[in-house]
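Q: Hey, I've just opened this one and I'm new to it. Can you walk me through it?

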Amino acid sequence: MMRIDAHQHFWQLATRAGAWPPPSLAAIHRDFAPRDLAPLLARHGIAGTVLVQSLPSEADTAWLLALAEGSAFIRAVVGWTDLLAPDAPARIARLAAQPRLKGLRPMLQDLADEGWIADAALAPALAAMASHGLRLDALVLPRHLPALLQCARAHPALDIVIDHAAKPPIAAAAFGAWREDMAQLAALPNVYCKLSGMVTEATAAWNVDDLRPYVSHVLDAFGSERVIWGSDWPVVDLAGGYDAWLAASEALLAHLPLAERERIFGLNALHFYALE
């Protein structure tokens with residue numbers, strides 16, 4: 001099985017000027033670099049990763065791209081640029097010229113405007129992304145899903161992946177509007193979903209059964225062809241760590257035929273991010 005971790009991060013605290021993560025999150029309040037992740041990938045037979053931005057900064061994106069150049073396992077970078085900048089299409093064209101840059105991620109969960117991604121002013125940037133073959137990673141909370149649906153309908157040529165299954169309210173054992181909103185997004189062929197970041201939405205004492213209703217809905221809605229596994233490392237260290245999340249994922253997907261598990265754990269990432 002070709003395994004790809006489609007969602008991981010690196011950062012240097014000295015360059016983040018007090019940005020997240022705060023000192024109170026002691027498990028991840030330190031620098032993380034390729035040498036820290038490499039042993040985990042080797043232990044689990046994971047052949048490559050998608051390195052995702054965690055700071056809204058073009059300088060940070062340049063740093064991630066430099067890391068990718070020096071790390072054989074980083075197969076793709078999802079970066080950041082200001083999609084509302086007057087010269088956004090030109091910025092996107094410059095970034096797209098970097099071979100490892102495969103997508104962009106506006107940090108929607110941190111924006112006060114829940115409808116930001118549906119703003120018509122973003123149309124030139126989103127069209128430029130689509131024309132250059134870049135994907136949109138959607139870092140959203142459930143409240144952002146209606147606007148993301150508008151965006152996805154307005155830009156059918158833009159491939160979109162919902163990070164962390166939109167962070168459903170697992171700790172509350174609730175669904176709210178998340179279930180129906182995700183189903184509506186899944187009806188669009190250009191929308192995918194990452195099976196990642198779920199354990200940090202559960203209680204500290206989470207178990208596989210806590211996650212099962214949410215994972216089952218994602219599978220039912222998107223099918224094995226449009227679900228992509230990721231670790232969300234090192235953030236996953238706040239909720240049991242890499243090993244525990246991978247073991248839970250394997251248990252939650254164990255009922256699927258091998259071919260479907262192979263898609264979720266690697267082949268879908270290769271296809272979505274054009275790594276083949």
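Q: How many bridges join β6 to β7?
A: Three, and the two strands run parallel. Keep in mind that this is a predicted model.

Q: Which residue in β7 is the bridge partner of Ile162?
A: That's Cys193.

Q: What do β6, α6 and β7 make together?
A: They form a β-α-β unit, and a right-handed one. From β7 the chain then crosses through helix α7, residues 208-222, to β8, and that β-α-β crossover is right-handed too.

Q: How do β7 and β8 pair up?
A: In the parallel sense, over three bridges. Strand β8 covers residues 227-229. Within that pairing, Lys194 stands opposite Ile228 of β8.

Q: Is β7 largely enclosed or open, and why?
A: Five of its five residues are buried, so β7 is largely enclosed by the rest of the structure.

Q: Which way do the residues of β7 point?
A: Val191, Cys193 and Leu195 point one way, while Tyr192 and Lys194 point the other way. All of them are buried.

Q: Changing topic to helix α5. Which of its residues are buried?
A: In α5, which spans residues 145-154, the buried ones are Leu145, Ala147, Leu148, Leu149, Cys151 and Ala152.

Q: Now pockets. What volume does the largest pocket have?
A: About 470 Å³.

Q: And how many residues line the largest pocket?
A: There are 27, and Arg105, Met107, Gln109, Asp110 and Leu139 lie nearest its centre.

Q: How does the lining divide into nonpolar, polar and charged?
A: The lining has 14 nonpolar residues, six polar ones and seven charged ones.

Q: Which loops are Pro21 and Pro234 found in?
A: Pro21 is in the loop between β1 (3-8) and α1 (34-44). Pro234 is in the loop between β8 and α8 (242-253).

Q: Why point those out?
A: Most residues other than glycine have a negative phi, and most peptide bonds are trans.

Q: OK, phi then. Which residues have a positive phi without being glycine?
A: Ala17 is one of them, at about 50°. Ala166 is another, with phi near 65°.

Q: Where is Ala17, and is it buried or exposed?
A: Ala17 sits in the loop between β1 and α1. Its relative accessibility is 78%, so Ala17 counts as exposed, the cut-off for that being over 50%.

Q: And Ala166, buried or exposed?
A: Ala166 counts as buried, because its relative accessibility is 0%. Ala166 lies in the loop between β6 and α6.

Q: Last one: where is Ser224 found, and what does it touch?
A: Ser224 is in the loop between α7 and β8. Not counting residues up to four places away in sequence, Ser224 touches Glu260, Arg263, Ile264 and Asn268. Ser224 is buried, with a relative accessible area of 6%.

Terms used. Residues are numbered from 1 along each chain as its sequence is written. This is a predicted model: local features need pLDDT of at least 70, side-chain atom pairs count only at pLDDT 80 or more; totals for chains, interfaces and linings use all residues. Side-chain values use heavy atoms; hydrogens and water are left out. On a 1 Å grid over the protein atoms alone, a cavity is a set of points where a 1.4 Å probe fits but cannot get out, and a pocket is an open set with protein on both sides within 12 Å along at least five of seven lines; lining residues have an atom within 4 Å of a point. Grid points are joined across faces, edges and corners, and a volume is the space filled by probe spheres set on the points. Ala, Val, Leu, Ile, Met, Phe, Trp, Tyr, Cys and Pro count as nonpolar, Asp, Glu, Lys and Arg as charged, and the others, Gly among them, as polar. Buried means under 20% relative accessible area, exposed over 50%, partly exposed in between (1.4 Å probe, protein chains only). Helices (H or I, at least four residues) and strands (E, at least two) are DSSP runs, numbered from the N terminus. Two strands pair if DSSP finds at least two bridges between them. A crossover is right-handed if, with the strands pointing away from the viewer, the path from the first strand over the helix to the second runs clockwise. Contact means heavy atoms within 4.5 Å.
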